[in-house]
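Keep the structure open beside the text as you read.

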Amino acid sequence: MKTITGELFNTDTAYADFGKKADEIVSVSGYVHRIREMTGFAFIILRTARELIQCVYAPEFSEYRLDEKLCEEACVKITGKVVGSKDRDGNDRYELQIHDIKILSLPAETLPIVINKKQLDGIQLNTVLDLRPISMRNPKERAIFKLQEGIARGFREFLMKNGFTEIRSPKINFAGAEGGTNVFKLDYFGKTVFLAQSPQLYKQALVGVFNRVFEIAPVFRAEHHDTSRHLNEYISMDFEMGFINGFEDIMNMETGALKYIMNLLKTEYAEEVAILHADIPEITEIPCMKFMDAKELIMNKFKYTPSDMKDFDPAEEEMLGKYAKKELNSDFIFITHYPSKKRPFYTMDDPENPEFTLSFDLLFRGLEITSGGQRIHDYNEQIEKMKKCGMNPDAFETYLMFHKYGAPPHGGLGLGLERLTMHLLGFKNVREATMFPRDINRVAP
Ligand code: ATP
Ligand code: MG
C-alpha cells in the first residue's frame with residue numbers, strides 16, 4: 001500500500017543562497033520574471049518566493065533551446081551551474097548558468113499591467129487593488145506584505161517569549177465590544193448578531209484562564225465614511241494581561257514588542273526593508289503625555305482650536321507627531337488619561353480623577369496605531385459603569401462571569417497591523433498596506 005511519510009519537501013523554490021553553492025549544479029523553480037535577449041545569449045530573471053535570480057542562457061551550455069514559447073510569467077524549473085561574478089560595486093554576486101529549462105506551465109494571456117519593473121509605475125491605486133493577485137507579484141508590492149508578515153511574526157514571537165498564550169476568539173458575537181454605531185449586524189438564523197469589532201470580551205475572559213493572552217485576527221468596523229486610515233475589516237494585534245501593577249505595564253509590554261519587531265525587520269527582513277526604503281524607527285524609550293496636556297499643547301503651541309475636547313482629530317494627531325519628533329526625538333508618543341466619556345464601558349476610570357481613564361493611545365509618526373488601558377475588574381463596579389453607559393448588564397451575563405467569579409487587575413490593547421505598516425512605509429493610504437482591502441466601495445478581489 002502507498003504511504004505518505006511527510007519527509008520529502010520540495011526545496012527548489014526556497015531561498016537559494018547561492019553564495020554557499022558556487023560551482024554546484026542546482027535546480028530552482030519559479031516564474032520567468034523577465035527575458036532580456038542579447039546577441040548570442042539571454043538573461044532570464046527567475047522570480048522565486050522571495051528573490052530575483054539572474055540566469056544566463058547561452059546555447060552552448062543549454063540543452064533547452066530558447067524560443068518565443070518561453071514568456072514572462074511562465075512557470076519553470078531551471079537547472080544550471082552557480083557562477084560567481086562581481087557587481088558594479090565590486091561585491092560578490094552569483095548567477096545561474098542555464099543547463100536546462102523545464103516549462104511547468106504557460107500563462108493563457110499576457111499580463112494587463114507591467115509587473116517586472118522595480119515598482120508599479122503610473123498605475124492608479126484602484127487598478128493595483130483590482131488586480132491584486134497579479135499586481136502583488138511585483139517585487140516592491142510583494143515586499144510590503146512580506147514585511148507585514150515580519151511585523152505580525154515579531155508581535156507573536158515577543159509575546160510568546162513573555163508568557164502569553166495565543167487565542168482565537170469567535171467573530172460572530174452576541175454583542176459588540178466597542179459600542180457605537182460602527183458594528184455590522186448579521187441575520188443569524190432569524191436572530192440579530194454582530195461581527196466582532198474587537199476580541200475584547202473574550203480576551204478578558206481568557207485572562208481568567210491563561211493570565212496573558214494575545215490574538216492576531218480580523219475585526220470588523222462598519223465605518224460608513226471613506227477615509228485614508230479606515231478599513232471595514234482590518235487585522236488587529238491584541239493582547240491582554242492579568243496581575244498588572246498599573247496601566248504602565250501594558251505600555252511597557254507594547255514598547256518591548258515594538259523594539260522586538262523593529263529589530264526583527266532589520267535583521268530577517270533586511271531585503272524587504274531595502275526594496276521599500278523603509279525607515280525603521282530606533283526605539284529606546286517612548287515619551288508619554290497626558291491627554292489634557294496634549295490638548296493644551298495643540299491650542300497654545302500650534303494655535304489650533306480643537307473641535308472635540310474628548311478626542312483628537314487627524315490634524316491634531318499630526319501635530320502631536322511633529323512635536324514628538326522635533327522636541328522629543330521620538331517617532332512614537334503615548335497619550336494617556338483619555339476622557340472617560342469617549343472610552344468604552346470596560347475602561348477603568350482614574351481613581352484620582354474619574355472624568356479621565358487609566359488608558360492610552362500610541363501615536364506613530366502622527367497617526368493613532370493603538371488604543372489600550374486598564375480594565376475594570378470589580379464586578380459591581382463594572383455593573384455600575386454599564387448602567388451609567390445606558391447598557392443592560394443582563395445582556396452581558398456571559399461576559400460578566402469573568403468579573404463575578406474573580407478577576408485580577410488587568411488590561412491590554414489593540415494595535416492595527418495595516419496602520420502600523422502604512423506609516424512604517426510612509427504610505428498616505430492604509431489600502432496600500434492591505435492585501436485585499438474591504439471598504440465601502442470594495443469587497444473584491
Ligand atoms: P480611529 O479613532 O482612528 O477611528 P479607533 O479609536 O476607533 O480609531 P480603536 O477601537 O481604538 O480604533 O482600535 C484600536 C486600533 O485599531 C487603532 O488604534 C487602529 O490602529 C486600528 N483601527 C481601528 N479602526 C480601524 C479601521 N477602521 N481600519 C484600520 N485600522 C483600524
Ligand atoms: Mg482608539
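A few ground rules apply. This is a predicted model, where local features need pLDDT of at least 70 and side-chain atom pairs count only at pLDDT 80 or more, while totals for chains, interfaces and linings use all residues. Residues are numbered from 1 along each chain as its sequence is written, chains are lettered from A and ligands numbered from 1 in the order in which they are written, and side-chain values use heavy atoms, with hydrogens and water left out.

**The whole chain**

The chain has 11 helices and 18 strands; these are DSSP runs numbered from the N terminus, with helices being H or I of at least four residues and strands E of at least two. Its C-alpha atoms fill a box of roughly 85 × 65 × 40 Å along the principal axes. Of the 445 residues, 50% are buried. Take the contacts (heavy atoms within 4.5 Å) between residues at least 6 apart in sequence: 64% of them join residues at least 24 apart.

**Sheets**

Strands pair here if DSSP finds at least two bridges between them. One open sheet has 8 strands in the order S6-S10-S11-S18-S17-S16-S13-S12, and its pairing is mixed. At its edges are S6 (165–166) and S12 (288–290), each pairing on one side only. Inside that order, S11 (residues 233–242) and S18 (residues 410–416) run antiparallel over 7 bridges, and Gly242 has His410 in S18 as its bridge partner.

The other open sheet to look at has 3 strands, ordered S7-S9-S8 with antiparallel pairing. S7 (172–173) and S8 (185–188) each have a single partner strand, so one side of each lacks a neighbour in the sheet. S7 and S9 (residues 191–195) share 2 bridges, and Asn173 stands opposite Phe194 in S9.

**Helix packing**

Helix axes are lines fitted to C-alpha atoms over the stretch in contact, and angles run from 0 to 180 degrees between N-to-C directions.

| Helix pair | Axis separation | Angle |
|---|---|---|
| H3 (residues 139–161) and H5 (residues 248–268) | within 8 Å | roughly 130 degrees |
| H4 (residues 200–210) and H10 (residues 397–404) | 9 Å | about 35 degrees |

Among the residues where H3 meets H5 are Leu147, Ile151 and Phe155 on the H3 side, and Met253, Tyr260 and Leu264 on the H5 side. H3 also lies across S6, S10 (212–220), S11 and S18, running at about 155 degrees to S10.

In the second pair, Leu201, Gln204, Ala205, Val207 and Gly208 of H4 meet Tyr399, Phe402 and His403 of H10.

Which residue sits in the loop between S11 and H5? That's Phe243, with a positive phi of about 60 degrees despite not being a glycine. Phe243 is exposed because its relative accessibility is 56%.

Back to Asn329: this non-glycine has a positive phi of about 55 degrees, and its loop runs between H8 (314–328) and S13 (332–336).

Finally, the peptide bond from Ala444 to Pro445 is cis, with omega near -5 degrees. Pro445 belongs to the segment after H11 (417–424).

How values were computed
Buried < 20%, exposed > 50% of the residue type's maximum accessible area, 1.4 Å probe, protein only.
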